[in-house]
Amino acid sequence: IINVGGATTTAGLVYRLQTNGNWSLTDKDDEDQIKNMIGVAMGTNSSDHGMLLRGFAQVSQSGQLPLGNPVYLQDSGIVTGSIADFSTGDFVRVVGYCVDSGNTNGSASIYFNPDNTWVEIS
């Protein structure tokens with residue numbers, strides 16, 4: 001966990017570190033929001049509560065995450081377990097693996113271990 005940036009955050013959402021030192025939500029539709037260093041917000045402020053760069057985290061999710069399977073960045077800092085959520089022009093990046101699928105549209109526990117590569121769907 002690092003404590004930098006001073007950005008207002010929401011716990012459980014995935015953010016990217018911008019070149020100006022601030023954090024902004026990730027979004028599968030924008031290459032710049034996918035390729036940077038990413039972290040999971042641990043609270044309401046990145047410098048007070050920190051950003052998890054690797055480890056176990058409770059994250060906001062879209063749909064039921066499949067236990068043991070990879071999870072991917074979706075829109076607005078949430079994650080998804082379904083590759084079917086992606087279409088032409090979207091960027092796919094694996095950010096970890098589901099360890100507790102949680103509920104349908106709420107939160108789940110993942111091992112946050114973001115891949116350093118991403119793929120654009122064409």
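Me: Leaving aside its neighbours within four places in sequence, which residues is Asp27 in contact with?

Reply: In this predicted model, local features need pLDDT of at least 70, side-chain atom pairs count only at pLDDT 80 or more, and totals for chains, interfaces and linings use all residues. Residues are numbered from 1 along each chain as its sequence is written, and side-chain values use heavy atoms, with hydrogens and water left out. With contact taken as heavy atoms within 4.5 Å, Asp27 touches Gln33, Ile34, Gln74, Asp75 and Ser76, its neighbours within four places in sequence being set aside.

Me: What does the side chain of Asp27 reach?

Reply: The side chain of Asp27 reaches the backbone nitrogen of Asp29 at 2.9 Å.

Me: Why is the pair of Phe56 and Tyr111 called tilted?

Reply: Rings of Phe, Tyr and Trp (its six-membered ring) pair if their centres lie within 6.5 Å, and planes under 30 degrees apart count as stacked, over 60 as edge-to-face and the rest as tilted. For Phe56 and Tyr111 the centres are 5.2 Å apart and the planes stand at 45°, hence a tilted aromatic pair. Phe56 lies in strand S5 and Tyr111 in strand S10, so the pair ties together parts that are 55 residues apart in sequence.

Me: How do you know whether Phe56 and Tyr111 are exposed or partly exposed?

Reply: Phe56, at 62% relative accessibility, counts as exposed, whereas Tyr111, with a relative accessible area of 27%, is partly exposed.

Me: What makes the pair of Tyr72 and Phe86 edge-to-face?

Reply: The ring centres of Tyr72 and Phe86 are 6.1 Å apart and their planes stand at 80°, so the pair is edge-to-face. Tyr72 belongs to strand S6 and Phe86 to the loop between strand S7 and strand S8, 14 residues apart, and both Tyr72 and Phe86 are buried.

Me: Why is Ser76 called partly exposed?

Reply: Ser76 has a relative accessible area of 44%, so it is partly exposed. Ser76 sits in the loop between S6 and S7, and has a positive phi of about 55° although it is not a glycine.

Note on methods. Helix = DSSP H or I, 4+ residues; strand = E, 2+ residues; numbered from the N terminus. Buried < 20%, exposed > 50% of the residue type's maximum accessible area, 1.4 Å probe, protein only. Polar contact = N/O pair within 3.5 Å; in protein donor to acceptor, adjacent residues only side chain to side chain.
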